[in-house]
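Reader: I'm new to this one. Could you walk me through a few spots worth a look?

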Amino acid sequence: MNIVLHDLNNHLTFAPLTLTRPVGNLRTGMFTNDERCKMYFPDVEVGYETQNYLASKFKNVAYSTSTIHIDATVILTQDLALLLADLKEGEEISYNHKVIAAKSSADSLGKESKQENTLNTVLQLNYRWDIFQKNAEILKSDFNYYTRHKQSSPLSPTNTIIGDQAQIFLEKGAKVEACILNTTGGPIYLDKDAEIMEGSVVRGGLAMAESSALKLATKVYGATSLGPYCKVGGEVNNVVFQAYSNKGHDGFLGNSVIGEWCNLGADTNCSNLKNNYGLVSAYSYLSKQIEKTEVQFMGLVMGDHSKSAINTMFNTATVTGVCANIFGSGFPSKYVPSFTWGGIEKSVPFKLEKAFEVAQNMMGRRKIELTQLDKDILQFIADNYGLK
């Protein structure tokens, strides 16, 4: 059996995060959705139906009568996985009268279904901000399934536990010393070699992927997810870091999503609530303008390879593209295009070769190469979404 995760024209709905990856590769909870497929179906091959310029890096699989096609905005849960496992050739699964999964053919995917709803509830990402708004529910679902038959590594007695210690799970090599861990709001998971340093205060849910770290005396509350090798310090509330990104110093970040290979300089802060407590407006890559939302709390959404200098201040609901280098006094614009150099006043385009150099310097520290496929993707983004 193969699984194909289809973007279904949602590519720009989740931009700038999906400028560099398919929808099915977005991280929420403990995993990316393609990783989640492998959790429920360890032997399957997972492919993507995505934008042409991403397809060389994020490959599809050969279709067959055993291929299951899934709307990539749908988060796999145990209930949904059981239905998928029993799906027969030509059958579909629908939710809210829309087909969310089909076996053999993708023709009906995302279209109106005449069948009765198969599931009463489905976890689904409909908007960019759902990545953090639904993170608590997704994280809990992932934790309950993934840890159900596993034994946690022992937790050091130097820690103070509030709530159920069974809701704390440490993989081999994970370290936590002299911290306060509160599970009354959600579980706490540390993957291999992840670390919460001394003096940190964590109110779950929290998911930390392999080799990620909370720096000394970090404060975390509201369901937060750290992808592999992310380093986070200061105060964090309901934030999802995709992977390999750093917020290593003091400063507040709330209700936000940070891409891969990003770095937030010391004392970078973002507002996540307007002074008038009203609903926020945010940039849409679909309409190419700032639009009103139905959301009250929203901080920063930052695309891959973007950076902020020390003491940077982001306004409520700021959207920053890919490969933006933001510095200067005052607030950046609420929308910072990809390949922006500056971001405050008199910004200029970030030269492509320089952007490649910065990306390779950061990736090289993790012994990862900026490949020609990566460069081709960044070239496309610079041409189509970059500052002119």
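Reader: Where is Y229 placed, and is Y229 buried or partly exposed?
Author: Keep in mind that this is a predicted model. Y229 sits in the loop between strand 18 (224–226) and strand 19 (231–232). Buried would call for under 20% relative accessible area. Y229 has 25%, so the word for Y229 is partly exposed.

Reader: What is phi of Y229 near?
Author: Y229 is a residue other than glycine, and its phi is positive. The value is near 65°.

Reader: Which loop holds H97, and how exposed is H97?
Author: Look between strand 6 (92–95) and strand 7 (98–103), where H97 lies in the loop. Phi of H97 is positive too, near 65°. H97 counts as partly exposed because its relative accessible area is 44%.

Reader: Is T73 buried or exposed, and which side chain joins T73 in a polar contact?
Author: T73 belongs to the loop between strand 5 (68–71) and helix 2 (78–85). Its relative accessibility is 2%, so T73 counts as buried. Beyond its neighbours within four places in sequence, T73 touches residues including F14, V23 and L123. The side-chain polar contact, at 3.0 Å, is with Q124.

Reader: Which element gives the largest share of the lining of the largest pocket?
Author: That pocket has a volume of about 470 Å³. Of its 25 lining residues, the closest to the centre are R21, N25, K57, E260 and W261. Two or more lining residues come from each of helix 1 (33–40), strand 20 (235–243) and helix 6 (372–385). The largest share, 3 residues, comes from helix 6.

Definitions and conventions:
Residues are numbered from 1 along each chain as its sequence is written. This is a predicted model: local features need pLDDT of at least 70, side-chain atom pairs count only at pLDDT 80 or more; totals for chains, interfaces and linings use all residues. Side-chain values use heavy atoms; hydrogens and water are left out. Helices (H or I, at least four residues) and strands (E, at least two) are DSSP runs, numbered from the N terminus. Buried means under 20% relative accessible area, exposed over 50%, partly exposed in between (1.4 Å probe, protein chains only). A polar contact is a pair of N or O atoms within 3.5 Å; within protein, one must be able to donate a hydrogen and the other to accept it, and residues adjacent in sequence count only if both atoms are side-chain atoms. Contact means heavy atoms within 4.5 Å. On a 1 Å grid over the protein atoms alone, a cavity is a set of points where a 1.4 Å probe fits but cannot get out, and a pocket is an open set with protein on both sides within 12 Å along at least five of seven lines; lining residues have an atom within 4 Å of a point. Grid points are joined across faces, edges and corners, and a volume is the space filled by probe spheres set on the points.
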